[in-house]
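Hi there,

I am passing a structure over to you and hope you enjoy looking through it. Please open it first, and then read my notes alongside.

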Amino acid sequence: MGGLNTALYIGAQALEVAQGALGATSNNIANANTPGYTREVPQLSENAETLNGGQVSGGGVTLDGLQSVRDELLNLQIQQQTSAQSSVDAQSSSLQQIQTYFASTGNDIASAFSSFSTSLAQLSANPSDASVQQEVISSGRNLAQAFNTTANGLTSTQSAADTEVSQSVAQINTLTQQIAQLNGEVQQLTAAGQDGGTVEDQRDQLVQQLSQLTGISVSQSSSGEVITTGNGSPLVVGTQSFALQSTTGPNGLQQVLDSQGNNITASIQGGQLGGAIQIRDQVIPGYLTQLNTLATQFATAFNTAQTQGFDSNGNPGQNFFTVPAGAGAAAGLSVAITNPALIAASSDGSAGSNGNVANLSAALTNALPSGQTPAQAYASLVFQVGNDTSNASTESTAFGQNLLELTNQQSSVSGVNVDEETTNLIRFQTAYEAAARIVSTIQQLNTVTLDMGSSQSY
Amino acid sequence: MRVNTNLVPDILADLAQSQSTLNTALQEVSTGKSVNVPSDNPEASAAMVQNTIETANVDQYTKNVTSELSTVQAADSALSTVVSSLTQAVSLGTEGANGTNSASNLQAIAQQVQGILTSVVSQANASYQGSYLFGGTATNTTPFTANAASPTGYQYNGNTDQNSVAVGDNLSVQVNLPGSQIFSSPTADVIGSLSSLVTALQGGNSTAIQTATTAVNSALNYVGQQRVFYANSESQLNSQESYLQQETVDLSSQQTSLVGVDMAQAATTLSQAETANSAALAAASKVLPDTLLNYLAPPQ
């Protein structure tokens, strides 16, 4: 049968376990607001029974260790949603900047088209009035400047996205190095039969940050966690990290290369990096192409109309706009003539004729080779920008809701509930007090036992 | 099932949501526009591009109509003066042809008709705001100048072109007739017939005077016909003016329905958003500090 010493031993163990549990509880409370912290639950188990003199007696309690409560599946989902959301957020914030150039501010292309068209209508009534001719030149210049401003706005947003690409690549490389290092630490802990605990928390937090930067795929292998980009280029394999590189491509924009030197720019999706690449290589070039086509076709149509007529001096009209060929059309559009008398309003060479003004106005109202009038072409661009921006922000809200939902689920599994911890605190406090009572009781009993043989009596 | 007690992300999301609704409502009320950037309503923004251009154009077309109306009226009033001058010439010619006039009387009548000729030529050279009305598109050149070599004594310096002024999209109204058509048409030459009448009166031959008077009379009828052109232009311009006024109203009501704000509704939305926002804040302030610790007695 168990003696008093056994009971004392059990009491001492219980004290230790209660201390350990209080430690876990206090650590949980302390980290209640630490990002990425996963609550730890003390793992208690009863000791093996001892058979002593034919009698079975309990062996007390042991604290096996602390177990972090985490749901790996939820973590994966959160990483994916995070990638998706930060990609859309990156696009949304770029589009918000872009759409201000297309808003009806009075300096936009629509307003400039409007005043240019007005000045031509005025020219129709006063074809030889120098101040009206001057007005045509000024409003033509405003129109060219509106094209310049919009094109430059698009280009500067594009370079901002380009800067974001190289910055994201640098951040990704820092994170993958840290993750590889933590992978090693987790491996050592697991090998020693311990729970990864806080190290895993740290790693999860870093992987989460990584998923904000780019879409990743995470799997477990014998060598530890394996992280690759969406298209399979390795970023981290166990304790080894593979750095991405960014290098200036033939178009002057940063290209992303994997560790083998393959250009993976086009296949990167998700995260800030994916969003920046999408904006830089797909969205903005799409807008710029439309803007350049509009600038080229409109300027060409107007120049053609201008050369059909005669200026105030009776000479054949010369080009009104100078439009650079191809990609720089909208950014480089300018008015070629400065002399108001050079506007070819006349159809017969006499200064008072307005016969060619109708041709000049027709350049604004007739369909361009693209099949749309300048106003329609610009309106459809405005629609596209507005629609893309509105979609991006709707998607961002939707992904945000999903993410919030998932984070709540994760929080309900892994998060610290202060009420629960307070209850545990009281529970373990009581356990500690009870265990301490066992020890003091056994001590008293031992004293009684020792006193049985002494001469002193009560 | 374990319940998530970390309400902070939810509360922050709710607050952000109600704050953003409040901002939108505030912006709508303060700007009076429901569309401030294209993403607010892509379709309306695209439609506004056309509306902006159209509105400014209609404005200018209206100005064109007003200024062309004055031009056309100036031309018409010049022609009306010509008509009365010609009427007077016809009666002078008839008087000269009745055979009872003395030579000196005929000379006096011839002088009067000569005066009428000068007045008609000055009407033919009428200008409005610095532009000659009857010179075709050569508005800076005096249309009729004296030329002794010409049988009529005058030559035409203008051209035979006409200007059409834009008063609508793809709509323009012809606003002038060339002077050569009105005053020196081969079929009914106003200046030529007056000049012939002067010559006939100076010659004193009744038959010649009679013939010349008939020619002036047909020129008179001819000018009357030409005035119809200006009357037509005037009526076209007038009807276009009322169309443009209607168009202005239509465009502005389209603009209101595209990007405008129904103030009563916007104000209601704003007040709802304010209430929702304060409710969200109040809920957050009640929920956040609530833990078990509030109810436990402090340790002794």
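Predicted model: local features only at pLDDT ≥ 70, side-chain atom pairs only at ≥ 80, totals over all residues.

Residues are numbered from 1 along each chain as its sequence is written, and chains are lettered from A and ligands numbered from 1 in the order in which they are written.

On confidence, the model has an ipTM of 0.80 and a pTM of 0.83.

Next, the place where the chains meet. Two residues are in contact if their C-beta atoms, placed from the backbone, lie within 7 Å. By that rule, 52 residues of chain A and 45 residues of chain B take part. On the chain A side, α2 (72–100), α3 (109–125), α8 (357–365), α9 (374–414) and α10 (418–452) each bring at least two residues. Helices (H or I, at least four residues) and strands (E, at least two) are DSSP runs, numbered from the N terminus. The most comes from α9(A), with 18 residues. Sorted by class, this side of chain A has 18 nonpolar, 32 polar and two charged residues; Ala, Val, Leu, Ile, Met, Phe, Trp, Tyr, Cys and Pro count as nonpolar, Asp, Glu, Lys and Arg as charged, and the others, Gly among them, as polar.

Chain A itself is divided into domain 1 (4–69 + 421–452) and domain 2 (76–405), with bounds from an automatic or database domain assignment. Their centres, taken over C-alpha atoms, are 65 Å apart. Nine residues of domain 1 of chain A are in contact with eight of domain 2 of chain A. On the domain 1 side, strand β4 (residues 61–68) of chain A gives the largest share, four residues.

Finally, the strands, where two pair if DSSP finds at least two bridges between them. Chain A has an open, antiparallel sheet of four strands in the order β5-β6-β7-β8, with β5 (216–221) and β8 (240–241) at its edges. Within this chain, β6 (residues 224–229) and β7 (residues 234–237) share three bridges, and A:Ile227 has A:Val236 as its bridge partner.

In chain B, β5 (residues 164–168) and β6 (residues 171–174) run antiparallel and are joined by four bridges. They form a hairpin with two residues between them, and B:Asn170 in the turn has a positive phi of about 60 degrees.

Best wishes
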